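User: Please go through this model with me one question at a time, giving the criteria behind each term when it first comes up.

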Amino acid sequence: MEFTEEEMAQLRDAAGREDKSLRSMAHDAIVSELRRRKVTAAATRVAGISAGLNERLAEK
């Protein structure tokens, strides 16, 4: 997949505003997304565990 000219222009503008290279900006975006996915997965697991616990506690 390749970026359109418009997307590249937006990326260059954003990188310039942050005083970063495109490579650095891409790295940061990818790492941020991986962290977001990890947190989302953990929150989903906790919510599932908590739901069962909350149901058991409500029965008492």
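User: Which exposed residues are carried by the face of α1 turned away from its buried side?
Analyst: Residues are numbered from 1 along each chain as its sequence is written, and side-chain values use heavy atoms, with hydrogens and water left out. Because this is a predicted model, local features need pLDDT of at least 70 and side-chain atom pairs count only at pLDDT 80 or more, whereas totals for chains, interfaces and linings use all residues. Helices are DSSP runs of H or I with at least four residues, numbered from the N terminus, and a residue is buried under 20% relative accessible area, exposed over 50% and partly exposed in between, with a 1.4 Å probe and protein chains only. On that basis, the face of α1 turned away from the buried side carries Glu5, Glu6, Gly16 and Arg17.

User: Which residues of α1 are buried, and what arc do they cover around the axis?
Analyst: The buried residues in α1 are Met8, Ala14 and Ala15. Taking the arc from the directions that run from the helix axis to the C-beta atoms, these residues lie on the same side of α1 because they cover an arc of only 130°.

User: How far does α1 reach from its first C-alpha to its last?
Analyst: The expected span of a helix is 1.5 Å times one less than its number of residues, and α1 has 13 residues. The reach from first to last C-alpha is close to the expected 18 Å, and its value is 18 Å.

User: Which residues line the largest pocket?
Analyst: On a 1 Å grid over the protein atoms alone, a pocket is an open set of points where a 1.4 Å probe fits, with protein on both sides within 12 Å along at least five of seven lines, and lining residues have an atom within 4 Å of a point. By that criterion the lining consists of Phe3, Met8, Leu11, Leu22, Met25, Ala26, Ala29 and Ile30.

User: Which element gives the largest share of that lining?
Analyst: Two elements, α1 (5-17) and α2, each give two or more residues to the lining of the largest pocket. The largest share, 5 residues, comes from α2.

User: How many residues of the lining are nonpolar?
Analyst: Ala, Val, Leu, Ile, Met, Phe, Trp, Tyr, Cys and Pro count as nonpolar, Asp, Glu, Lys and Arg as charged, and the others, Gly among them, as polar. Under this division the lining of the largest pocket has no polar and no charged residues, and the nonpolar ones number 8.

User: How far apart are the closest N and O atoms of Lys20 and Asp28?
Analyst: A salt bridge requires a side-chain nitrogen of Lys or Arg within 4 Å of a carboxyl oxygen of Asp or Glu, and by this rule the model holds 4 salt bridges. One of them joins Glu18 and Lys20 at 3.5 Å, N to O. Lys20 is partly exposed at 31% relative accessible area, as is Asp28 at 33%, and the salt bridge between Lys20 and Asp28 has its closest N and O atoms apart by 2.5 Å.

User: With which residue does Arg37 form a salt bridge?
Analyst: The closest N and O atoms of this pair are 2.8 Å apart, and both residues lie in helix α2 (residues 22-59), 4 residues apart, about one turn of the helix.

User: Which residue has a positive phi although it is not a glycine?
Analyst: The residue in question lies in the loop between α1 and α2 and is exposed, with a relative accessible area of 73%. Its phi is about 55°, and the residue is Asp19.

User: What distance separates the C-alpha atoms of Ala42 and Phe3?
Analyst: Ala42 lies in helix α2 and is partly exposed, with a relative accessible area of 28%. Ala42 and Phe3 are 39 residues apart in sequence, and their C-alpha to C-alpha distance is 32 Å.
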